[in-house]
Amino acid sequence: MDLKSELLKSIWYAFTSLDVEQSGKVSKSQLKVLSHNLYTALNIPHDPVALEEHFQDDDDGPVSRQGYMPYLNKYILAKAKEGTFNKETFDDLCWMMTAKKNHRPSVVEGVCSRQDCFKLFCLFNLLSEDHYPLVMIPAEVEYLMKKISMAMSHEWDPKLLEDLLCHDPSLREGLSIWVLLEHMNNGTLLRVTNTEAFSLALDEVFQEMYHNVLKKGYMWKKGHVRRNWTERWFVLKPSTISYYVSEDLKEKKGEILLDKNSVVEAISDKEGKRCLFCVKAPSRTYEMSASDLKQRIEWIQATQTALRLLKEEKASLHQELKLRRREQRDTSLRSREVGGEDNPQERRDEKERQEQEIESIIQLQREVEAQRRQVEEQEKEQQMEVQLERQLQAAEKMRESMEVEMAQKEKEAEEQRKRIQELEITQRKLEGALSTEIQARLEEEKARLEEERLQQEEEEKVKLLRLLQQEQATHPQEVEQETQSSCTEQQQISSTSALDTASLELQSLRETRERSNQHLEEAKEKLRDASRHVKHWNVRLNRLMKPVTPGDRFEDRQSVKQSKGNPDGAFTSREFIAKYQPGVSQESHHSNSQSSDERDLQEQLEASRLPPRTVSSAELLLESEAEEPALQPVKRSGDCSVLLFPGQGSQFVGMGRGLLKYGNVKEMFHAAHEILGYDLLSLCLNGPEEDLMKTVHCQPAVFVTSLAAVERLNHEVPAAIEGCVAAAGFSVGELF
């Protein structure tokens with residue numbers, strides 16, 4: 001059936017609705033209005049000149065249908081082109097005109113809504129015979145009822161139609177649209193328990209038969225620019241595949257144009273997508289992914305059907321099926337007429353044969369469906385096996401990784417145990433080395449004191465000897481005269497023996513001092529050896545407590561060395577001395593343990609030249625004691641303070657009220673008054689709040705009030721101001 005015949009069926013209903021008297025004639029004014037509406041619905045340019053010429057007022061009588069057909073064919077149907085108008089809108093116009101006259105209360109109040117009645121009206125025009133008045137024969141009614149029941153997942157009972165035909169034999173010739181709607185609403189042709197399910201099923205059949213929708217549903221589509229996968233709602237028609245964002249069809253994303261040379265074929269899974277197939281259109285190839293194997297097969301079959309219709313130059317699948325059913329009925333009727341077999345028994349046999357054929361077809365479909373379900377079950381089992389195998393492989397890999405991790409943990413635990421043993425041994429060695437160093441230091445101190453004592457005695461003897469020699473050199477003559485005249489031989493001997501005795505004592509002291517000096521050098525060498533041992537074991541202990549990796553930075557090791565006493569760390573020699581010698585003050589230890597950066601760097605370099613040794617605090621103490629200029633003591637962390645100042649947003653009315661009693665606070669606000677030109681103190685104390693919240697006012701207020709808070713801190717805790725080492729703030733507080 002061509003487009004002209006389809007449009008003429010709907011126009012026939014509109015025309016007959018205007019024939020109120022059912023005389024076959026309509027007034028000219030009504031035909032003009034109808035023509036204008038048809039022009040608008042079919043998107044055809046109006047031709048008022050032709051309209052007026054055709055409906056000239058040559059008489060006062062109405063124009064018949066035959067008189068309107070030439071104009072309708074020439075100026076309306078001949079200009080209508082498929083694709084230039086919305087056929088559903090056109091049919092809705094004709095339905096609205098005819099429903100106003102022909103609808104019945106039962107039609108309105110029954111199962112079918114107005115929209116459902118319109119859809120049945122469209123399907124009726126599609127399946128009705130091509131002669132007027134339009135009727136639908138029982139075979140087509142049965143076909144329509146089966147389609148709706150199948151969409152509702154129910155099985156239609158053919159006894160309903162048989163009972164209706166037995167009750168009213170006149171309906172065997174065909175049912176009009178109004179009779180069809182009446183029996184649909186009464187439940188005579190189809191039992192409906194859920195009106196919503198019926199509406200959904202009717203809409204599905206309407207989309208399939210009226211809009212030629214061969215297939216629709218969600219699928220994943222691969223993009224051509226971004227090459228990503230996006231889920232879209234696809235609608236397949238004989239010439240196009242349209243895809244939308246969702247099933248409401250509001251936002252269309254694209255369209256695939258099909259032609260006779262297009263191809264659809266399945267492709268292998270890739271990129272994590274399954275059930276793939278592609279459509280090779282003239283412009284490009286489109287890849288889609290169905291939800292399962294069944295959906296892929298259905299989409300491929302539906303697309304192949306669309307391509308077949310294109311090759312056969314057929315616009316609608318259901319039009320083709322309708323023509324086939326009509327040909328089968330005509331063939332069966334001609335065969336009965338030729339054979340002269342028109343008795344009821346033959347008709348019953350023919351009907352039984354047709355029912356058997358239908359039953360065989362249904363059985364075949366059930367077998368195909370069973371095979372398809374079996375294939376799906378097998379595929380699901382294969383997928384489950386693959387998934388289980390993957391899970392087992394993943395579990396095996398996880399078990400292996402856990403075993404490796406456990407072995408690594410066990411190895412690390414063994415290394416830790418060994419390191420702890422080495423720590424204990426090294427700690428004992430270090431304590432022994434520290435004890436040896438302490439003993440060597442005490443011996444060195446004793447030898448140094450002894451050497452100082454001998455040196456002092458030697459100096460006294462030298463002074464005494466020089467005094468005796470000076471006395472002899474100053475008075476040689478007096479001594480000679482005295483010896484000649486009055487001194488006896490015994491006095492001369494005593495004077496000479498005193499000088500000799502002093503010389504001998506001085507020589508003995510020098511020998512003793514040399515031995516003491518040698519003993520002191522031996523004690524120093526022993527102390528140096530002990531210090532080297534302490535360095536060695538101290539470094540060993542520190543490395544065991546914190547192993548040095550190749551990625552450690554020199555600054556990190558320096559910071560570790562400069563860090564203060566760790567209760568779990570090793571003692572240096574001075575710490576050990578301070579612990580076991582109460583005479584050593586903690587204050588001297590703290591002042592002497594602080595060293596400059598240059599000396600620390602030199603110690604690190606010395607430690608790097610003598611691996612695995614490092615510089616101990618004992619040697620640093622020796623070097624610091626030898627230097628005359630004393631280093632300035634560094635402030636302890638408990639004696640330091642940092643001032644933090646607030647920023648904009650901390651202001652409030654009344655701020656600074658409790659700070660006015662401290663000195664210089666009022667002078668600060670007075671100076672701010674002179675600089676700013678307004679009374680900042682009054683604004684802080686009394687507001688108004690709206691002015692205080694302004695940036696131009698709140699920032700000076702927060703700044704001056706923060707200075708006032710510093711005055712209070714200086715008054716109450718002056719040590720905090722003296723020990724301030726840094727200041728910080730937020731926003732305007734950064735100015736400090």
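Helix H2 (residues 28-41) comprises 14 residues and reaches 20 Å from its first C-alpha to its last, close to the 20 Å expected at 1.5 Å a residue. The model described here is predicted. It contains 26 helices and eleven strands, and 34% of the 736 residues of the protein count as buried.

**Helix H2**
- The buried residues of H2 are Lys-28, Leu-31, Leu-34, Ser-35, Leu-38, Tyr-39 and Ala-41.
- These residues lie on the same side of H2 because they cover an arc of only 165 degrees around the axis.
- The exposed residues Val-33 and Thr-40 are carried on the face of H2 turned away from its buried side.
- Asn-43, which follows H2, has a positive phi, near 60 degrees.

**Aromatic pairs**
- The structure holds ten aromatic pairs.
- The rings of Tyr-13 and Phe-121 form an edge-to-face pair, since their centres are 5.1 Å apart and their planes stand at 70 degrees.
- This pair links Tyr-13 in helix H1 (residues 3-18) with Phe-121 in helix H7 (residues 114-127), 108 residues apart, and both Tyr-13 and Phe-121 are buried.
- Tyr-218 and Trp-233 are also edge-to-face, at 4.9 Å centre to centre with 75 degrees between the planes.
- Tyr-218 lies in strand E3 (residues 215-222) and Trp-233 in strand E4 (residues 229-236), so this pair ties together parts that are 15 residues apart in sequence.

**Other ring contacts**
- One aromatic cluster is formed by Trp-12, Tyr-13, Trp-95, Phe-121, Tyr-132 and Trp-178.
- The charged end of Lys-273 sits over the ring of Trp-220, 3.8 Å from its centre.

Technical notes
Residues numbered from 1 in each chain as written. Predicted model: local features only at pLDDT ≥ 70, side-chain atom pairs only at ≥ 80, totals over all residues. Heavy atoms only, no water. Helix = DSSP H or I, 4+ residues; strand = E, 2+ residues; numbered from the N terminus. Buried < 20%, exposed > 50% of the residue type's maximum accessible area, 1.4 Å probe, protein only. Expected span 1.5 Å × (residues − 1). Arc of directions from axis to C-beta. Phe/Tyr/Trp six-rings, centres within 6.5 Å; stacked < 30°, edge-to-face > 60°. Lys NZ or Arg CZ within 6 Å of the ring centre and 35° of its normal.
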